[in-house]
Amino acid sequence: MPILPTLWLRRIFPLAAAVCLTAFANYAGPGGDDVAIVVSPDVPVDNLSFPELRRLMLGEKQYWTSNLHVTLLMRAPGAPEREIVLRTVYQMSEAQFRQYWIAKVFRAEVQSGPRVVYSSEMAGEQALATPGALAFVDAAQVPKGLKVVKINGLMPGQKGYPLH
Amino acid sequence: MRRVFLVMGIAAVLATPSGAQSADPEMRQLVERLMNRIDTLEKRVAELEQQNSATHLAPVSPAAQAAPQTAQTPAIPPSPAEAIAAVHQAHEQAPPLETTAPQAGPTMHIAGFGSMAFSATDLHGPNGGFQPLTLLSTHSGFSEGQFVLQFSSALTSKVSVFSELSLTARSDAGTGSPAAPGFNPEVERLIIRYDWNDYFKISFGRYHTPINYWNTAYHHGTWLQTTIDRPEMTQFGGSFIPVHFVGMLVEGAAPAGGLNLNYNVGLGNGRGQVLSRAGDLGDINNNRAWLVNAFVRPDQLYGLQIGGSVYRDELNPLTGLPGREWIESAHVVWAKETPEFISEFANVSHTPFNGGVTSNSQAFYSQLAYRLPFNQKLWKPYYRFEYIHVPESDVTFRVLVPSFEGSTVGLRYDAASFAAIKVEFRHYIRRDLPSINGAFVATDFTF
């Protein structure tokens, strides 16, 4: 058997197929680019204005109520949802975001930075297990049991929704 | 559906090499090595998950308890880019990012800041009141900046403790007589705070006095600030503004119709007999210093901060006359980096008790910087103009605070995620003394 077809069959074709399938699997369909803001069920909020969301994400608003602390869950660097949130809400680069939280902790304004989660499932599990948790996930993969919060009165997928 | 395609993709990669095992011994060995490695890693993950579930006391939802397999093993793994970034992040040890659930007892977080600098100036006479940390020296050479450690710990969900320790090289901090050079340790900040809610937080301790922006934005973290040094009006060891404050502070924030009003109200010991020092061992008189600080961060102008402060104390200085001190200050900050703009003004008023004239000393600075868009946005040129004027009549400040106007031009290069190199040139015009020109190079970092 010639070398090239053998190489093609053994190595290149499977790799190309895997890449294509993975890319297709990552495509979430229409409206799938939106990022949903989800909170644990005990959070007494159904709708947030975009500035309110920004204050929460910046750690400037730290309490939902006097007895319910906001716990931010942040996807790890590299996640598309994180890039969308950094671009739209924080308006910061990855480096600026890191420096922002180091400075905020150093100023004693917060006890620690956001908790890092590595997948939508992990975000969902942590949000369910943590009172007052706020996380963001791909709108096409909202974990069960969490409350999706409207932003400016809009749900993900609706026209004018700001997180995409 | 996504999971199905992922499994199919991975299976497609693995299937063909395994099907060709008999024809390719090298490939078979490679697959065996990979399978062994996967087994090892799976065992390690299982061990870590067991340890994790044993040590973490965080509340677990009924849903998570009912489906432990799902809770412990995410069905969809993070993307390759996310996994690589997570590994990088772990290596970089980003200090504030919490990756675990809260522990039952206090958990202390530690972070550090440090710097090293080289300076060369044409200063050949008296420095005219500039402090050593300004790096203005009659000799060129290397300087060890402050070694700063930050400790923070949440005692409960509402009570937290924060402290900042520094080690500073000084000419008289060593042993022997006369004292040799050495390092002087100092508790820069020690704060215990109770958070009632966003509107009301009360704390006790030693603070950086919240009566101007720089003092509470950057503290001793030189890596956080764009320039090598602080402005002279808020310099550590300087006397123009009381940098430290011992006492209590009430603070909070309210939306205020989109203005985001923040406030601080403080009561404390005020300055010590050495004006650059706080009243660490108690007040030097029976009169407390107080301060009120307020600033807004409007929603509609994200990045803007505008604020002002008032501070009042009674002084019993070692040099100068006992008297009353009022400080009024204001600041405007555009915190984004394209551009970054910081400007502050302060007026310090001294009125002697014996009926002398009231003197007003003023200081301000304006700093402009811009994060350049090319080369991964690593370069940030900057310029700062600063000015201090102490009138002849202010006998309290006259020998302590330099009167000058100065320009600083420099370039910051973020060489790594947590380290920066800064190159700076300064030109200071001093009253009654020769001007100073200086070149400075520093590397600032956090760890």
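Q: Axes are lines fitted to C-alpha atoms, for helices over the stretch in contact, and angles run from 0 to 180 degrees between N-to-C directions. With that in mind, which strands does α5(A) lie across, and at what angle does it run to β7(A)?
A: In this predicted model, α5(A) lies across β1, β5, β6 and β7 of chain A, at about 160 degrees to β7(A). Helices (H or I, at least four residues) and strands (E, at least two) are DSSP runs, numbered from the N terminus.

Q: How are the parts named, and what confidence is asked of them?
A: Residues are numbered from 1 along each chain as its sequence is written, while chains are lettered from A and ligands numbered from 1 in the order in which they are written. Chain A has a mean pLDDT of 86, with 80% of its residues at 70 or more. Over residues 20-31 of chain A, the pLDDT is below 50.

Q: What makes β2 and β6 of chain A edge strands?
A: Strands pair if DSSP finds at least two bridges between them, and β2 (47-48) and β6 each pair on one side only. The open sheet has the order β2-β8-β1-β7-β5-β6, with mixed pairing. Inside it, β5(A) and β7(A) run parallel, joined by two bridges. α3(A) also packs on this sheet, touching β1, β5 and β7 of chain A.

Q: Why is Leu163(A) called buried?
A: A residue is buried with 20 or more other C-beta atoms within 10 Å of its own, exposed with 12 or fewer, and partly exposed in between; C-beta atoms are placed from the backbone. Leu163(A) has 21 such neighbours, so it counts as buried. This residue follows β8 of chain A, and its C-alpha atom is 5.7 Å from that of Asp34(A), 129 residues away along the chain.

Q: How do you know that Ala135(A) is in contact with Val38(A)?
A: Contact requires C-beta atoms, placed from the backbone, within 7 Å, and Val38(A) meets this for Ala135(A), as do Leu73(A), Val117(A), Ala123(A) and Ala127(A).

Q: What makes a nonpolar core, and how many residues has the largest?
A: The term means buried Ala, Val, Leu, Ile, Met, Phe, Trp, Tyr and Cys residues joined through C-beta atoms within 7 Å. The largest has 36 residues, and Ala135(A) and Val38(A) are among those with the most contacts inside it. Elements giving two or more residues to this core include α5 (120-129) and β7 (133-138) of chain A.

Notes: This is a predicted model: local features need pLDDT of at least 70, side-chain atom pairs count only at pLDDT 80 or more; totals for chains, interfaces and linings use all residues. Two residues are in contact if their C-beta atoms, placed from the backbone, lie within 7 Å. pLDDT is the predictor's confidence in each residue, from 0 to 100. Lists of a residue's contacts leave out its neighbours within four places in sequence.
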